[in-house]
Amino acid sequence: MKKILLISACALLLSCGPKLDDLAVNRVVEADIDLVNVENDMVKVRIDPGRFTEETINYYIPRTVPGTYSNDDYGKYVENLKAFDYSGSEVTVNKTDTNTWELTNATEVDYLEYLVNDTFDTEGEVEEPVFSPAGSNIEAGENYFLNLHMFVGYFSGLDQRPYEITFVHPESLEVTTSLTEMTPEKASAGVDTFYAERYFEVTDNPVMYAKPDTETFLVNDIQVTLSVFSPNQAYSAASISDEMEKMMAAQKKFLGDLNTTDTYQILLFFSDMEETSPTGFGALEHHTSTTVVLPESMPEPMLLETMTDVVSHEFFHIVTPLSIHAEEIHFFDYNNPKMSKHLWMYEGVTEYFANLFQVNQGLIDNQAFYDRILRKIENSRRYNDEMSFTEMSENILMPPYKENYANVYEKGALIGMCIDLIIREQSQGEKGILWLMKELSAFYGKDQPFADDELIPKITSLTYPEVADFLTTHVEGTEPIDYNTYFTKAGLQMGTDTITTAVLFRDQQTPFIDANPQSKEIFFRDIPLNSLLTELGIQGGDVIQSINGTEYNLDSAQQLVVASMGWQEGDPIEMVVLRDGETVEVSGTISQPTVTVDILREDPDATQEQKALREAWLKG
Ligand SMILES: [Zn+2]
């Protein structure tokens with residue numbers, strides 16, 4: 001009998017290759033991201049997958065990721081991708097499309113190396129920039145805002161393998177992410193290693209490195225972390241966290257017994273609106289975190305209101321699509337995605353909840369809620385009202401559907417509202433759409449997708465024939481919704497009123513002008529303009545060249561707003577605008593502008609039954 005020390009047996013195994021556990025099909029994919037040695041605003045990434053067992057393997061960077069509903073070709077931000085064999089010599093890599101690299105002698109490949117650019121810098125240079133919260137920022141030594149689908153890809157057939165992701169980072173910066181940190185044996189100052197169970201988790205957990213500015217609070221049993229990067233320190237985590245805590249506590253109360261998550265991270269990036277700063281404002285949902293990009297110049301009350309609307313929307317995605325979703329989402333194909341038909345639910349119902357919970361929990365009053373609903377009706381008129389919502393959703397990556405995408409937040413939310421009112425009416429106020437979503441979540445859940453065509457029959461079996469009729473006629477079908485039919489159930493009336501406005505603003509949320517972040521042009525929006533602008537002959541789409549001899553563009557937008565507030569009745573006004581490439585001069589005299597607007601009010605003659613339904617709808 002001969003015994004060898006276990007340790008030398010291990011050493012023996014380690015020294016002679018190929019190592020037993022070194023096969024790519026058995027081990028983790030190691031990804032090393034170097035945030036210290038930034039070259040030309042790019043970071044170096046090294047991917048070590050282990051030994052491949054097949055000769056031909058593709059490496060993919062996603063073409064799209066869940067939640068963005070657009071083809072963004074993240075591969076175009078990757079440069080100089082090279083593969084090396086075990087002796088350190090370069091081996092052939094064929095780039096077969098924007099997002100695909102083919103390894104033809106894969107069994108020889110030891111690791112890949114490449115550089116990755118960020119998206120924030122180049123938003124102004126491309127026609128359809130990546131939505132900022134889905135993109136990335138690389139600002140050496142200052143800030144790294146990293147959606148990892150831009151940095152780490154997957155190998156064909158191996159996307160279910162776990163990943164070990166290591167960041168070497170400036171020691172002065174701290175990480176915020178919902179990724180699981182690995183056992184600290186490997187940890188040292190300036191190095192963090194995280195674990196992802198499969199490629200999906202790599203994409204589902206964004207990372208931010210920044211100077212520490214973090215607040216943590218508890219909402220029932222959820223630990224929420226808010227991490228802020230504000231380049232000019234206009235805001236801090238501490239200045240926002242009270243409002244976020246109040247808002248999320250209200251959401252949790254609204255959701256009741258619905259299972260959510262143990263932790264939630266909010267990664268908030270403020271743009272200082274410089275040349276290389278992001279302008280795609282908003283947020284992107286993930287299962288346990290959200291990335292948010294907003295302008296630093298936003299005044300505090302507006303910022304808090306926007307954060308409430310945006311973060312609550314992302315958090316409500318925990319209900320759908322995160323717990324209720326189609327197979328198309330569950331088995332998401334990052335490079336050849338199939339889209340589900342049910343954006344009305346994923347985005348529409350989520351957006352509806354983000355408004356309903358605020359009136360339900362007393363964060364806003366009834367009238368403020370009606371005004372929000374009314375604005376959605378107005379905004380929805382900018383899109384094709386006769387387009388089937390399920391057909392649009394299924395084809396959302398292509399024209400003419402993609403131009404109608406933003407309607408999922410307008411008409412999509414109104415669809416949610418109508419279904420809510422139908423269920424309330426049929427159940428004598430007892431149940432609503434939140435109840436329906438809880439039923440669906442209990443039936444399916446985050447690990448059990450539905451077949452796309454089975455959702456509407458399932459909803460029908462859980463609810464009422466009236467809900468099925470509505471879905472067939474107005475969601476699958478093309479018939480526009482007559483909202484008054486639904487408002488009447490709750491004793492509300494839609495009508496019109498003439499109101500006074502400012503010259504350039506109807507109200508705080510509704511300016512008559514907007515700007516193009518790329519060209520910096522300020523133009524008049526295609527909405528009903530006030531009496532003064534109409535009398536001057538201004539039309540929607542007109543681009544402002546100058547007003548009273550002063551030229552304006554996005555950089556001087558604030559001066560324009562300030563100047564407009566000083567205009568007095570009887571003052572002369574001269575405007576030069578560009579219309580279809582031609583210069584048009586208009587002039588006149590300032591008068592009190594008015595505009596006719598839609599209104600949504602409680603009917604003073606509402607019956608007891610209508611009032612009871614209204615109460616159940618808004619407060620139930
Ligand atoms: Zn959303």
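User: What makes up the secondary structure of the chain, in helices and strands?

Analyst: Happy to start there. The chain, a predicted model, holds 16 helices and 31 strands.

User: Why does the radius of gyration of the chain agree with a compact globule?

Analyst: A compact globule of 620 residues would come out near 25 Å, and the chain has 27 Å, so the two agree. Along the principal axes, the C-alpha atoms fill a box of roughly 100 × 60 × 45 Å.

User: Why is Thr 225 called buried?

Analyst: Buried means under 20% relative accessible area. Thr 225 has 10%, so this residue counts as buried. Thr 225 sits in strand S18, which covers residues 222-229. Leaving aside residues up to four places away in sequence, its contacts are Thr 176, Thr 214, Glu 215, Thr 216, Tyr 264, Gln 265 and Ile 266.

User: And what makes Thr 534 count as partly exposed?

Analyst: The partly exposed class lies between the 20% limit for buried and the 50% limit for exposed. With 49% relative accessibility, Thr 534 therefore falls in that class. Thr 534 belongs to helix H14, residues 531-536. The C-alpha atom of Thr 534 is 9.5 Å from that of Pro 593, although 59 residues separate them along the chain.

User: How much of the chain counts as buried?

Analyst: Of the 620 residues, 54% are in the buried class. The accessible surface comes to about 27,100 Å², and carbon and sulfur atoms own 47% of that area.

User: Which residues have the most contacts inside the largest nonpolar core?

Analyst: They are Ile 240, Trp 344 and Trp 617, in a core of 149 residues. Helix H6, residues 343-360, gives the most to this core, with eleven residues. Apart from it lies another core of 22 residues, including Ile 513, Phe 524, Leu 536 and Met 575.

User: What does Trp 344 touch, beyond residues up to four places away in sequence?

Analyst: Quite a list! Trp 344 touches Val 349, Phe 389, Gly 412, Ile 415, Ile 419, Leu 455, Ile 459, Leu 471 and Val 475.

User: How do you know what share of the contacts joins residues 24 or more positions apart?

Analyst: Take the contacts in the chain with a separation of 6 or more: residues 24 or more positions apart account for 69% of them.

User: How many positive and negative side chains are there, and how far apart are the centres of the two sets?

Analyst: There are 41 positive and 103 negative side chains, and the centres of the two sets lie 6 Å apart.

Definitions and conventions
Residues are numbered from 1 along each chain as its sequence is written. This is a predicted model: local features need pLDDT of at least 70, side-chain atom pairs count only at pLDDT 80 or more; totals for chains, interfaces and linings use all residues. Side-chain values use heavy atoms; hydrogens and water are left out. A nonpolar core is a set of buried Ala, Val, Leu, Ile, Met, Phe, Trp, Tyr and Cys residues joined through side-chain atoms within 4.5 Å. Buried means under 20% relative accessible area, exposed over 50%, partly exposed in between (1.4 Å probe, protein chains only). Helices (H or I, at least four residues) and strands (E, at least two) are DSSP runs, numbered from the N terminus. Contact means heavy atoms within 4.5 Å. The radius of gyration is taken over C-alpha atoms; the globule rule is 2.2 Å times the number of residues to the power 0.38. Accessible areas come from the Shrake-Rupley method with a 1.4 Å probe; for residues, only the protein chains shown count as cover. Lys and Arg count as positive and Asp and Glu as negative; His and the chain ends are not counted. The place of a charge is taken as NZ of Lys, CZ of Arg, CG of Asp or CD of Glu.
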